[in-house]
Amino acid sequence: MPPTFQVNEFLATILLLIILIYFLKKFTTNYWKLKDIPHEHSYPLLGNIPDILISNQTVPQYLSTLYKKYQNQPYFGIHLLHKPALVLRDPETIKNVLIKNFTKFSDRGFTNDKKADPLTCSSVFAVKNPEWKALRMKLSPIFTSGKMKLMVPLMRECSDSMVQYLEKKTLQKTVDVKDLIGKYTTDVISSCTFGLKPTSFDNDEKEATLSAVGKKLFEKSLLRKMSAFCYFLAPAIVKIFKFSFLDREATMYLHRLFWDVLQEREKGNIKRNDLIDILIELKNQKDENSIKFDGITISSQAVSFFSAGFETTSSTMSFALYELAMNVNVQNTLRQEINETEEKFGELTYDVIRNMKYLDMVFNETLRKYTQAPFLVRECKEDCFLEPYKLKIDAGVHVIIPIAGLHSDANYYKNPDVFDPERFNDESKGGINPYTYLPFGSGPRNCIGERFAHLSGKMGLISIVKNFEILKSSTTPTRLTFDHKALLLEAEGGIPLILKYIHHNMM
Ligand code: HEM
């Protein structure tokens with residue numbers, strides 16, 4: 001090959017690269033500037049990702065820092081890789097996205113690549129409209145109050161087994177409550193979703209398989225975090241590398257388990273008042289016009305309930321126990337409410353638990369201070385103007401709602417770092433703008449499992465607070481720090497506490 005050709009080819013490649021970088025730079029850095037929207041300076045192709053890496057922050061921490069930085073703005077722009085994203089700070093604009101303009105913002109902008117991860121991508125969390133609407137309509141009846149009432153005995157079996165275990169095992173030793181509660185939520189979800197007998201507390205030495213699977217789902221690794229991030233922001237990378245959203249081995253284990261149980265139940269015509277009963281009903285419905293509820297569509301929902309409910313509920317309960325140990329007055333008031341309610345009503349039914357006001361205040365304040373889902377994402381499907389600022393949003397732009405930032409904003413919550421359940425008492429809660437308090441999201445695409453989370457979380461807390469004094473130990477940190485490697489909010493080093501058994505007078 002003549003050398004001049006090689007030189008020409010080399011120069012052409014360099015020129016092409018310069019042109020490409022020039023256009024990418026122009027595109028990425030000018031998008032928000034041209035719209036006259038306050039924004040973070042961003043890098044070509046990489047957007048604001050280098051800022052996140054340099055600051056050694058997680059995406060949620062980075063968003064919270066920016067939330068404070070732009071405190072006088074109702075919204076601001078960033079770039080996640082090459083994609084422009086608009087972060088909303090103004091509650092009225094947030095309401096307009098989640099509720100009033102829902103049809104234009106009905107999808108999460110979550111990658112839907114059924115070849116890369118068929119189980120996650122067939123779940124109600126991941127699918128896009130119109131598939132989402134049909135699926136959600138079918139699944140919503142699973143979580144009605146009537147169905148929750150029927151699940152109370154299943155949850156009680158799990159909380160009783162936890163108390164028996166604690167009575168025998170802890171004997172005033174320091175325990176990591178995150179680990180302990182992980183066993184309880186595994187039992188609850190596997191009993192209610194997979195129809196399994198609760199066994200997590202049966203064998204102390206050898207960790208029960210399902211607890212281990214639950215942990216593996218949210219395995220702390222750079223690859224897991226990166227793939228989860230790509231699912232929200234970089235579908236092309238998911239496609240190329242066939243990344244799975246959660247650990248593939250763990251989700252496949254749950255998929256196979258679900259089908260084994262379902263087949264056994266169908267064969268024996270066994271009913272248990274759990275989610276499997278309802279999923280079997282949906283599978284056997286003969287409605288020609290409706291979506292087919294079979295194969296992966298059905299097991300994917302059970303797996304997604306497990307993954308969406310396991311870590312979120314167990315973390316919320318563990319943080320609540322931590323705050324009860326740090327705030328003895330709150331703990332005593334809660335125990336008093338539990339004892340008085342039991343005296344008055346005897347057995348704690350679904351309706352009785354729902355009406356326990358102080359318990360609800362403690363649970364809500366925990367969800368505020370320890371926000372499990374730090375932000376929501378919605379993808380704009382068609383160009384639109386949002387009130388009250390007549391804000392023009394282009395189709396394809398991701399809108400981010402920074403829940404953790406709103407929950408710790410002193411304009412909405414005085415002394416936001418203080419754990420104060422009184423923010424949610426009858427008098428004060430009326431003053432909270434609902435679009436500044438979004439632990440379960442809001443609008444038609446909110447958390448489908450909110451009732452389930454409240455019920456299972458509260459039943460577990462009632463059992464512990466009634467039977468055990470929750471005490472700080474010498475290793476309990478006075479201030480929690482959070483694990484950067486974890487996918488969701490997780491305390492670094494666990495939550496060590498002492499649970500001291502309360503001997504009840506048997507008169
Ligand atoms: C404390 C516990 C929980 C918290 C804080 C939580 C929070 C959330 C949030 C913030 C969303 C997104 C909502 C939105 O985009 O507006 C969500 C969605 C979802 N959650 Fe939960 N969740 C919890 C427990 C559960 C449980 C127990 C289940 C199932 C049994 C569950 C199943 C789901 C599903 C399936 C979705 C997707 C709904 C859809 O796209 O239609 N979650 N959750």
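I took buried to mean under 20% relative accessible area. By that cut-off Ile 278, at 9% relative accessibility, counts as buried. The model I was reading is a predicted one.

**Entry: Ile 278**

I found Ile 278 in helix H13. I then looked for its contacts, leaving aside neighbours within four places in sequence, and noted Ile 142 and Lys 147. I also checked Pro 141, which is 137 residues from Ile 278 in sequence. In space the two are 8.6 Å apart, C-alpha to C-alpha.

**Entry: H12 and H13**

I next looked at how H13 packs. Two packed helices are described by the angle between their axes and the distance between the axes. For helix H12 (residues 248-268) and helix H13 (residues 275-284) I noted an angle of about 80 degrees and axes 11 Å apart. Because 65 to 115 degrees counts as roughly perpendicular, I wrote H12 down as roughly perpendicular to H13.

I listed the residues that meet. H12 brings Phe 258, Trp 259, Val 261, Leu 262, Arg 265 and Glu 266. H13 brings Ile 276, Asp 277, Leu 279, Ile 280, Lys 283 and Asn 284. I sorted the residues of this contact into seven nonpolar, four charged and one polar.

I then read the loop between H12 and H13, where Asn 273 is found. Asn 273 is not a glycine, yet I noted a positive phi, near 60 degrees. At 40% relative accessibility, Asn 273 counts as partly exposed.

**Entry: H15 and H20**

The axes of helix H15 (residues 328-345) and helix H20 (residues 450-467) come within 9 Å and cross at roughly 100 degrees. I recorded H15 as roughly perpendicular to H20. On the H15 side the contact is made by Gln 331, Leu 334, Arg 335, Ile 338, Asn 339 and Glu 342. On the H20 side I found Ile 462, Val 465 and Lys 466. The residues of this contact divide into four nonpolar, three charged and two polar.

I also checked Ser 456, which lies in H20. Ser 456 is buried, with a relative accessible area of 2%. Setting aside neighbours within four places in sequence, I found Ser 456 in contact with Met 155, Tyr 184, Val 188, Thr 313 and Met 317.

**Entry: backbone exceptions**

Most residues other than glycine have a negative phi, and most peptide bonds are trans. I wrote down some exceptions.

Asp 36, not a glycine, has a positive phi of about 60 degrees. I located Asp 36 in the loop between helix H1 (3-34) and helix H2 (49-54). Asp 36 is exposed, with a relative accessible area of 69%.

I found a cis peptide bond between Asn 129 and Pro 130, with omega about 0 degrees. Pro 130 sits in the loop between helix H5 (118-121) and helix H6 (131-139). Another cis peptide bond joins Glu 387 and Pro 388, also with omega about 0 degrees. Pro 388 is in the loop between strand E5 (384-386) and strand E6 (391-393).

**Entry: the chain overall**

I counted 20 helices and nine strands in the protein chain. Of its 507 residues, 53% are buried. Along the principal axes I read a C-alpha span of about 100 × 55 × 45 Å. Among contacts between residues at least 6 apart in sequence, 73% join residues at least 24 apart.

Terms used: Residues are numbered from 1 along each chain as its sequence is written. This is a predicted model: local features need pLDDT of at least 70, side-chain atom pairs count only at pLDDT 80 or more; totals for chains, interfaces and linings use all residues. Side-chain values use heavy atoms; hydrogens and water are left out. Axes are lines fitted to C-alpha atoms, for helices over the stretch in contact, and angles run from 0 to 180 degrees between N-to-C directions. Helices (H or I, at least four residues) and strands (E, at least two) are DSSP runs, numbered from the N terminus. Angles under 35 degrees count as roughly parallel, over 145 as roughly antiparallel, 65 to 115 as roughly perpendicular and the rest as oblique. Contact means heavy atoms within 4.5 Å. Ala, Val, Leu, Ile, Met, Phe, Trp, Tyr, Cys and Pro count as nonpolar, Asp, Glu, Lys and Arg as charged, and the others, Gly among them, as polar. Buried means under 20% relative accessible area, exposed over 50%, partly exposed in between (1.4 Å probe, protein chains only).
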